[in-house]
Amino acid sequence: MKTTSDRLSGYRIAGAVAALLLAILLGWTLYESTGTEQLVLPTNGVLHGARDDVPSDAAAAEALRERTALQAWRGEAGPSPAAAAEPAVTGQAMGGGTDETGAAALVASWLGSRDENWEMIRERGFLEGRVTQPAEFLSVLEQPQGRTWRGLHNEEIVFGGGIVIFGFSLLLALFLAWRGRVPVEEGFSGERVQRFSGFERANHWVTAGSFVLIALTGLLLLYGQYLLKPLLGAGIYHSWALVGAWIHMIFAVPFVIGVAVMVVMWIRQNGPSKLDVEWLKRFGGFLPGSEGHPPARRFNTGQKLIFWAVVLGAIALLVTGLSLMFPFFWLEITGMQLAQLIHAGVGLVMIAIIIGHIYIGTVGMEGAFDAMWRGDVDRNWAKEHHSIWLAEKQGGRRQTH
Ligand code: HEM
């Protein structure tokens, strides 16, 4: 007969293989994030006709680096570095010309006018004109901190998301390789206990299915231009991104409704209690060598944390998402930029958290998936992970939280 450790050893091997793959992906993300390609590319084809690709020749790349530095300075507060800077750009580098002094003079003039306008830029944050259109925000002619936003979006958010998602998944895979799948220590009793009603499960899977679609399309919108556009070509990528954006917005509706229903059904059982301190101190009894699992009611502390992350995350995504769907309806430019950064940042962190949730609900813990799929669990599983809930249920008493 197979022992518990035989039954579970395959999971440790799978964990080690997954950890290796994730370490490679994380390493690649880290490498890319420190790469020299992080340039602010012109959006109007300054270097090569109508295209905005990273230039392949060294001189053009150098010109872009200079241009990036120049733009970064304009968005920074503090004294201008212009006086100290010796522009080191060659005429050829500036876009095909060979007039070295001409290009250098151009850079010098950029730096000069930056200096002249510095006070105005720094004080106002914006350069504003007067417009006769009803759309007030069109009066903003230039917004230097827009470059800070673009830098944050293209670097911190894009690479930070990869690091958080791959890094957290790597930790889970290492945990699986080290600890193995959390077993039902006493083995299955064969006796089943009802855990979630049909309505609770239907709502969970509608919410989960919507979230998966929202997450995949969100990743497509954020990373597609770097990973898919070069493979598919701009035309096909554009159609995919458009469909993706619609799926992203449409499935936000069942997701938000699903989370709201979870709040109504489960908030009472997710309040803090003294048991949480004990649970956290013993890390839920998940570490090898732990003596049993700490007592818990219907939801243990780990699950309460997931619940609150989902609820608060959904609120943040809803508010910022609506702001992005109706641009400038109640936010000005800075507000729009903030909304975009918060939306992307919270979305990426939520994806990492849900990967952790999916892990523990499937491969990470023996016997857990049945709870949400069939609606019932083995009595020994319930005894180990939700002892008070089981005792109250079997004693027929009313649960509190
Ligand atoms: C897509 C794959 C998913 C799987 C396999 C999965 C699995 C599970 C399982 C097995 C449970 C019950 C745990 C128990 O018996 O105590 C559960 C509960 C729960 N799920 Fe999921 N889930 C998934 C996705 C999601 C998503 C996307 C969300 C929300 C964005 C979510 C939110 C919750 C919440 C709030 C609970 C109750 C608290 C908890 O058990 O952590 N789930 N899930």
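Helices here are DSSP runs of H or I with at least four residues, strands are runs of E with at least two, and both are numbered from the N terminus. By that rule, the protein chain has 15 helices and 4 strands. This is a predicted model: local features need pLDDT of at least 70, side-chain atom pairs count only at pLDDT 80 or more, and totals for chains, interfaces and linings use all residues. Residues are numbered from 1 along each chain as its sequence is written.

**Confidence**

- The pLDDT is the predictor's confidence in each residue, from 0 to 100.
- Its mean over the protein chain is 82, and 71% of the residues reach 70 or more.
- Two residues are in contact if their C-beta atoms, placed from the backbone, lie within 7 Å.
- Where pLDDT is low, the predicted coordinates should not be read in detail.

**Overall packing**

- A residue is buried if 20 or more other C-beta atoms lie within 10 Å of its own, exposed if 12 or fewer, and partly exposed in between, with C-beta atoms placed from the backbone.
- Of the 401 residues of the protein chain, 21% count as buried.
- Among contacts between residues at least 6 apart in sequence, 69% join residues at least 24 apart.

**Around the ligand**

- The ligand is surrounded by 21 residues, and the closest are Ala 208, Phe 211, Gln 303, Gly 361 and Ala 371.
- H6 gives the largest share, 5 residues.
- By type, the shell has 14 nonpolar residues, 6 polar and 1 charged.
- In this count Ala, Val, Leu, Ile, Met, Phe, Trp, Tyr, Cys and Pro are nonpolar, Asp, Glu, Lys and Arg are charged, and the others, Gly among them, are polar.

**Helix H5**

- H5 (residues 145-179) has 35 residues and reaches 47 Å from its first C-alpha to its last, close to the 51 Å expected at 1.5 Å a residue.
- The expected span is 1.5 Å times one less than the number of residues.
- H5 bends by about 30 degrees at Leu 152.
- That bend is the angle between axes fitted to the seven residues ending there and the seven starting there.
- Its buried residues include Ile 157, Val 158, Gly 161, Gly 162, Ile 165 and Phe 166.
- Further along, Ser 169, Leu 170, Leu 172, Ala 173 and Leu 176 are also among the buried residues of H5.
- Gly 180 follows H5 and has a positive phi, near 80 degrees.
- Ala 177 lies in H5 and is partly exposed, with 18 other C-beta atoms within 10 Å.
- Apart from residues up to four places away in sequence, Ala 177 touches Arg 12, Gly 15, Ala 16 and Ala 19.
- The C-alpha atoms of Ala 177 and Val 17 are separated by 8.5 Å, although these residues are 160 apart along the chain.

- Most residues other than glycine have a negative phi.
- Phe 283 is not a glycine, yet its phi is positive, at about 45 degrees.
- Phe 283 sits in the loop between helix H10 (274-281) and H11, and is exposed, with 12 other C-beta atoms within 10 Å.
- Phe 328 is not a glycine either, and has a positive phi of about 60 degrees.
- Phe 328 lies in the loop between H11 and H12 and counts as partly exposed, with 14 C-beta neighbours inside 10 Å.

- Gly 302 is found in H11 and is partly exposed because it has 19 C-beta neighbours inside 10 Å.
- The C-alpha atoms of Gly 302 and Leu 280, 22 residues apart along the chain, are separated by 8.3 Å.
- Val 243 lies in helix H8 (residues 234-250) and is exposed because it has 12 C-beta neighbours inside 10 Å.

Note on methods. Near = placed C-beta within 6 Å.
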